[in-house]
2 protein chains.
Amino acid sequence: MPASSALHTDRYEFTMLDAALRDGTAQRRCVFELFGRRLSGGRRFGVVAGTGRLLTLLRDYRFGDEELRFLRDEKVVDAQALAFLENYRFTGSISGYREGELYFPGSPILTVEGTFAEAVILETLALSVLNHDSAVATAASRMSIAAGDRPLAEMGSRRAGEESAVAAARAAFIAGFGATSNLEAGKRWGIPTMGTAAHAWTLLHDTEEDAFRSQIEALGTGTTLLIDTYDIRTGVETAIRVAGTDLGGVRIDSGDLPTVAADVRARLDELGATSTRITVTSDLDEFAIAALAASPVDSYGVGTSVVTGSGVPTAGMVYKLVARQDAAGGWVSVAKASTDKGSKGGRKAAFRTLERGTATSELVAVSDGFEAVSTAAEHPDARALQVLLVDGGEIDAAYEGADGVLAARAHHEVAREELPVRALALSRSDPAIPTVYVDA
Amino acid sequence: MPASSALHTDRYEFTMLDAALRDGTAQRRCVFELFGRRLSGGRRFGVVAGTGRLLTLLRDYRFGDEELRFLRDEKVVDAQALAFLENYRFTGSISGYREGELYFPGSPILTVEGTFAEAVILETLALSVLNHDSAVATAASRMSIAAGDRPLAEMGSRRAGEESAVAAARAAFIAGFGATSNLEAGKRWGIPTMGTAAHAWTLLHDTEEDAFRSQIEALGTGTTLLIDTYDIRTGVETAIRVAGTDLGGVRIDSGDLPTVAADVRARLDELGATSTRITVTSDLDEFAIAALAASPVDSYGVGTSVVTGSGVPTAGMVYKLVARQDAAGGWVSVAKASTDKGSKGGRKAAFRTLERGTATSELVAVSDGFEAVSTAAEHPDARALQVLLVDGGEIDAAYEGADGVLAARAHHEVAREELPVRALALSRSDPAIPTVYVDA
């Protein structure tokens with residue numbers, strides 16, 4: 001694992017840097033915007049995640065001997081660009097949506113202001129982090145809505161790259177999950193961890209009873225026993241015989257869950273274990289969770305579907321130049337013209353308009369120039385969506401670390417409360433609220 | 001980024017370790033197997049990738065003060081387990097498929113032999129690496145088949161978590177891609193890197209001509225110019241006017257590619273730039289690549305679809321206990337009984353049977369005991385699929401690093417040559433060859 005994040009960069013960013021240093025455009029002030037053109041997968045809202053991670057990676061975006069040697073040896077850039085990178089430190093500003101905030105098509109999720117040279121090279125790192133984490137958080141939020149008051153645990157590490165697994169646990173927690181199986185996520189971000197035993201535990205022992213007895217001795221009767229290694233009904237009976245009616249919980253990892261959960265609940269109750277909880281963990285996604293709403297299930301463990309974004313593994317955000325200075329120092333809004341990928345040029349300010357506390361639109365005020373725009377005064381019921389994350393190179397530490405995660409989780413809960421009821425349905429649809437552009 | 005990989009582990013592995021140390025089963029010798037029950041997404045074959053990365057992560061699977069303190073403070077395990085982890089070093093053996101090898105349902109991709117204690121805790125790390133990297137490699141191999149002799153470049157870093165992006169570049173290279181945009185992958189694994197300019201480069205300049213002229217001055221006429229920022233036909237003309245007919249290439253990132261590529265080729269030829277190459281990079285997957293086979297395209301850049309496994313973002317492999325010693329030291333084959341997730345107990349040896357050089361089956365010989373099985377003598381045309389990766393704790397360095405990547409890429413090419421023609425089709429299907437189980 002590299003200590004520097006500086007080579008998590010597509011080569012073309014450095015070749016552009018190199019050429020811009022030669023022709024003098026490197027020093028032109030620029031505004032880059034990170035946004036999504038649409039909500040992939042027919043999602044009704046998106047959830048911003050990764051911002052806090054990105055800020056910390058930005059601190060580590062420095063070029064040491066190893067990175068510079070590689071760029072020199074591979075002839076990626078020439079001596080002038082190497083000298084620039086050797087002293088690189090982002091001195092611009094970044095404003096953006098709070099982590100945990102909702103977003104819609106065209107929401108200016110991050111606005112990066114600086115020279116072309118210092119801002120263009122952050123494209124890949126910013127997109128890698130935001131696209132992955134936001135895809136997971138968006139799926140997780142839908143699952144959290146489907147689960148209602150029942151706790152959700154993320155346990156999909158094995159179905160994601162080992163570092164993405166840690167980021168996924170973090171994103172799921174921000175979007176409403178209560179815990180993760182991933183210990184590194186617990187250590188790095190302070191997320192509660194959970195887990196007791198796998199099928200291997202039962203198979204290791206000569207009998208299921210031996211396995212249950214040993215687990216109870218080690219972890220106490222409050223533990224959760226996995227009861228579906230052999231026959232589930234026998235598993236329930238053995239569990240209660242060994243643990244008594246104070247057994248904390250049983251876990252079911254296979255079968256037709258509504259049927260099996262009802263059977264297990266009935267048998268537990270017959271045996272007097274009326275407070276023993278049922279956790280289910282078999283290939284759940286938001287639809288399966290919703291289908292279990294009427295079943296006697298107490299909590300859910302979700303793996304593959306949450307870490308892979310439940311069919312949308314990347315949020316599809318892009319990082320585009322939207323305004324720049326010309327040779328005379330005047331500001332120009334710019335956008336690619338190709339019809340199928342049109343972007344809207346200009347610097348944006350964003351507000352969520354509300355009516356009696358319910359969101360009605362994503363209001364995006366577009367400015368030709370570099371001046372900060374504010375239409376908040378004209379929209380007294382609108383909530384301003386952008387905060388200053390980096391000010392003249394100074395990263396606001398409040399958004400980083402475990403504290404940043406907790407703040408993002410709290411903010412997500414508040415932002416989700418504003419959604420209209422139609423946003424909570426799981427089926428494919430247009431975005432729950434329209435994006436409205438106005439001139440600033 | 002942690003220097004240790006030891007907490008890329010699901011909590012339940014350590015709670016099982018803890019309980020097994022208490023009840024004495026921790027020292028039972030075990031065989032765990034990493035395999036896929038099916039090929040997700042109707043794939044006709046799978047490609048093993050990640051093995052070399054896993055071996056290096058296994059070297060770093062050590063518990064330092066930081067990891068131990070977390071486990072103690074969070075009460076994940078007790079003092080006895082902490083002492084075990086403090087001195088942890090994997091002393092068992094791992095045999096498995098070569099990286100780059102093909103796999104089918106039930107292929108014993110990795111076989112991990114050791115005590116329960118030392119082997120059970122590797123589950124999550126092994127699956128994270130193999131599931132992610134194999135999903136990418138499988139998609140990449142299909143793209144490589146579709147592209148035929150035309151070069152493929154991986155440029156999807158922005159659509160994957162920042163570390164998964166590096167692993168994806170590596171997996172795609174193993175499966176037939178020729179280059180990546182990801183510089184960290186170049187530095188870490190020696191993969192060729194590529195890339196010249198984004199739309200931001202053109203938008204930064206006052207005119208497209210200024211941008212092209214500057215890029216040519218910096219990178220020479222052999223560079224590739226991105227011609228679709230404004231009007232593509234004008235872009236072609238400007239490119240050749242500025243660069244001359246020796247221009248290396250043009251890149252098209254939007255539009256209906258078969259139509260646009262044909263137009264651009266015709267215009268380039270009219271202008272005399274008959275050797276200027278055309279690269280296309282707009283939302284390609286294996287199907288889009290196949291559809292361009294008759295178009296005048298010289299190379300492909302693939303982003304989102306390759307790093308997200310083209311609809312199958314995780315390979316869905318599992319890590320299961322298949323054999324263990326009992327209290328008396330005898331060997332017992334074990335498997336979970338639940339009908340919908342049945343695994344086949346017992347230690348496996350695997351061979352690919354061939355007829356005149358073409359694969360006909362995945363032959364899996366199942367042994368009740370711990371003894372090495374060999375049915376190779378009975379199948380003279382069969383190729384043995386497993387190699388020893390870790391021998392009594394000693395990791396074979398030949399499979400690691402940049403050399404390991406090159407060996408895996410070469411091996412993939414050889415293994416793919418053995419596939420029957422029907423395996424090369426892109427549509428959903430059963431596996432190209434059947435998995436046949438025999439008793440060893």
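This report walks through a sheet, a helix pair and some salt bridges in a predicted model.

## A four-stranded sheet in chain A

Let's start with an open sheet of 4 strands in chain A, ordered β16-β14-β15-β19 and with mixed pairing. The edges belong to β16 (382-384) and β19 (435-439), and each has a single partner strand, so one side of each has no neighbour in the sheet. On average, neighbouring strands here are turned by 30° against each other, direction ignored.

## Two helices in chain B

Over in chain B, α7 (residues 162-174) packs on α15 (residues 401-417) at about 40°, with the axes 8 Å apart. That makes the two helices, α7(B) and α15(B), oblique to each other.

From α7(B) come Arg170(B), Phe173(B) and Ile174(B), which meet residues of α15(B) including Leu406(B) and His412(B). The contact residues split into 5 nonpolar, 1 polar and 2 charged.

## Salt bridges, across chains and within

Over all chains the count is 60 salt bridges. In one of them, Glu162(B) pairs with Arg53(A), with the closest N and O atoms 2.7 Å apart. This one crosses from helix α7 of chain B to helix α2 (residues 51-59) of chain A. Glu162(B) is buried at 4% relative accessibility, and Arg53(A) is buried too, at 9%.

Another pair is Arg324(B) with Asp206(A), at 3.3 Å between the closest N and O atoms. Here Arg324(B) is buried at 4%, whereas Asp206(A) is partly exposed at 40%. Within chain A, Glu101(A), Arg352(A), Glu362(A), Arg383(A) and Glu418(A) are linked in a salt-bridge network.

Key:
Residues are numbered from 1 along each chain as its sequence is written. Chains are lettered from A and ligands numbered from 1 in the order in which they are written. This is a predicted model: local features need pLDDT of at least 70, side-chain atom pairs count only at pLDDT 80 or more; totals for chains, interfaces and linings use all residues. Side-chain values use heavy atoms; hydrogens and water are left out. Two strands pair if DSSP finds at least two bridges between them. Axes are lines fitted to C-alpha atoms, for helices over the stretch in contact, and angles run from 0 to 180 degrees between N-to-C directions. Angles under 35 degrees count as roughly parallel, over 145 as roughly antiparallel, 65 to 115 as roughly perpendicular and the rest as oblique. Contact means heavy atoms within 4.5 Å. Ala, Val, Leu, Ile, Met, Phe, Trp, Tyr, Cys and Pro count as nonpolar, Asp, Glu, Lys and Arg as charged, and the others, Gly among them, as polar. A salt bridge is a side-chain nitrogen of Lys or Arg within 4 Å of a carboxyl oxygen of Asp or Glu. Buried means under 20% relative accessible area, exposed over 50%, partly exposed in between (1.4 Å probe, protein chains only).
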